[in-house]
Structure formats: structure tokens, C-alpha cells
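Here is a friendly walk through one protein model, meant to be read alongside the sequence and the 3D view. Please have both open as you go.

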Amino acid sequence: MKNWYMIIDIEKCEDCNNCFMACKDEHVDNDFPPYSAAQPLHDHRWMNIMRRERGSGSLMDVAYRPTPCMHCDDAPCIRAAENGAVYKREDGIVIIDPVKSTGQKNIQKACPYNAVYWNEERDIPQKCNFCAHLLDGGWEEPRCVQACPTGALSIVKADDAQIQKMVKEENLEALHPEYNTFPRVFYRNLYRYNRAFIAGSVAYGADSGEECAKNAVVSLVKNGRAVYECKTDFFGDFKFDGLKENGQTYEVHILLATFPEKILTVDLKTSINLGAVTL
């Protein structure tokens, strides 16, 4: 059996909000029984774009994480619902019944991703439904995917073996795997949002005016062993990315020609720009 999956590439998202606006255009003031009731104009973000800044100064970046319903295989909202008010279709899409879910605020509270919203006027929980009404009508993709100009959003219909192959070959990750909900939304380049980097710039010749140290060898050492190595670019910059923010201690070793080795110690709790390092 093939199921729908969404793939989101963090590196391609530019926060244009086309996906968010397309979702609003499709669902605000529009009822699609039995798939969904109309989304209110304000407060609901069925496609919610989260933002994170990392680093500081000249060595920093900003990443955006589009966040819809995860359409989990083991969905907490399904377990919290009464009378079959939330159900998973054979193609993997999770639907909140707009009639049966009336008054069931526990459905909204059950989602660990905060992807379910409460409609005060209609007294129902609501969320992304993968534009199931469009897919069932012959569309090849939901409105959010159609509206994305950079290709950050895509969908695929695949069986378990096919999706697991994609996950392995393309380094796809689920959001918060520790929740054990087994989402059908996967992320590419998620490290840009949920991991840290160590970066800096290397220079030499402080007495006569500093010069950028191109091709300096920079090693990231943990527990006495080099785990990553790179060379500085034309501007003397280096960057080690995808590191866990767990407070572990690293050493940054810098070597260039006849200069003495420079060693810096870093306790990594969040992304850090070491600034200019003079040899």
C-alpha cells in the first residue's frame, strides 16, 4: 500500500510564506465536507513557518522550518479523540472530522507538535488535511506544495520500502523522533534548524596589519580525536556544522605553515562564532 509523504527542505525555504497564504486561500471561509470546515482568517497557521537564527556577527545564518501536521502513523490526536472523530485514511492522511470533533478540545491539546488549532466559533479542532479534497479530485499536490517557488516543499506517494530507501539515501529526518509518533513528514537539512555550528575567521600578521589566512587547516577535536577537518576559505573563514547542542567540550586546532598551532576550547551549548583568531 502506498501512502502520502511530505518532504521539506530547510535549506530551500526562504520564508516567502507562499505556502501559508495558499493554505489560507484554500481553506478560509471554505467548507469541504467531510474533509474540513472553514479555517478562520486569524490565529490558525496550518502551515506554520518557524524561524531560527544561529551564530553572531559576520558568521551567522537564519533557517526557516515549515511545520504542518505531521500525519503521524501513531497519532496522539487519534488516541485522544472520541467516537472516531480523528482517523487515518488508507493513504496515510490524518483527518479531523469537522462534525464528530465538536467540543473535543482534548484533540487539540494532544498534539505534541502544536499543529492542531482550536476554532472558537465552530467549537472544533482543526489542522492541515494535506488538501485531501484536492488529491481525491485528481490534483497531484496540495496547495502549499503547488505555491512553493523554491521547491522547498514536495510530496511523494510511496510504500514503506520506498520511503525508507529515500530516508537513508537522502538523509531525511523526522521532527522530534523522541515523540515516537512516526510522522509522514520528513525534513532534508534539518540540522540548519535544530543543530549548532562552530565557526570563526583566521588571520595572521597582527604587527604589520592582519591578512586573511587562506588554506589554514582547522580540526575539530573531541576527547582527543579529530572528528572533523576543513581548510579556511579565501577570507580565512571556517565552519563546522551539524553539531549537537549538548554542552560537550571541543577543541579547535588551527595550523598554518610555520605559525605555532593555535588551540581554542569550546563548550558547545549553542552555535558560536569564535570571531577573528590571530596566529
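## Around His71

Beyond its neighbours within four places in sequence, His71 is in contact (heavy atoms within 4.5 Å) with Lys88, Gly92, Ile93, Val94, Lys127, Cys128, Asn129, Phe130, Pro183 and Arg184. The model is predicted, so local features need pLDDT of at least 70 and side-chain atom pairs count only at pLDDT 80 or more, while totals for chains, interfaces and linings use all residues. Residues are numbered from 1 along each chain as its sequence is written, and side-chain values use heavy atoms, leaving out hydrogens and water.

His71 sits in the loop between β3 (59-67) and α2 (76-80); helices (H or I, at least four residues) and strands (E, at least two) are DSSP runs, numbered from the N terminus. His71 counts as buried because its relative accessibility is 2%. Buried means under 20% relative accessible area, exposed over 50%, and partly exposed in between (1.4 Å probe, protein chains only).

## Cysteines

How many disulfides does the structure hold? There are zero, a disulfide being a pair of cysteine sulfur atoms within 2.5 Å. Two cysteines show why:

| Cysteine | Closest cysteine sulfur | Distance |
|---|---|---|
| Cys16 | Cys148 | 6.1 Å, too far for a bond |
| Cys77 | Cys69 | 6.2 Å, too far for a bond |

Cys16 is partly exposed at 43% relative accessible area, whereas Cys77, at 7% relative accessibility, is buried.

## An open sheet

Four strands, in the order β14-β13-β16-β17, form an open sheet with antiparallel pairing; two strands pair if DSSP finds at least two bridges between them. At the edges are β14 (225-231) and β17 (262-267), each pairing on one side only. Strand β13 (residues 217-222) is joined to β14 by six bridges, and Leu220 has Tyr228 in β14 as its bridge partner.
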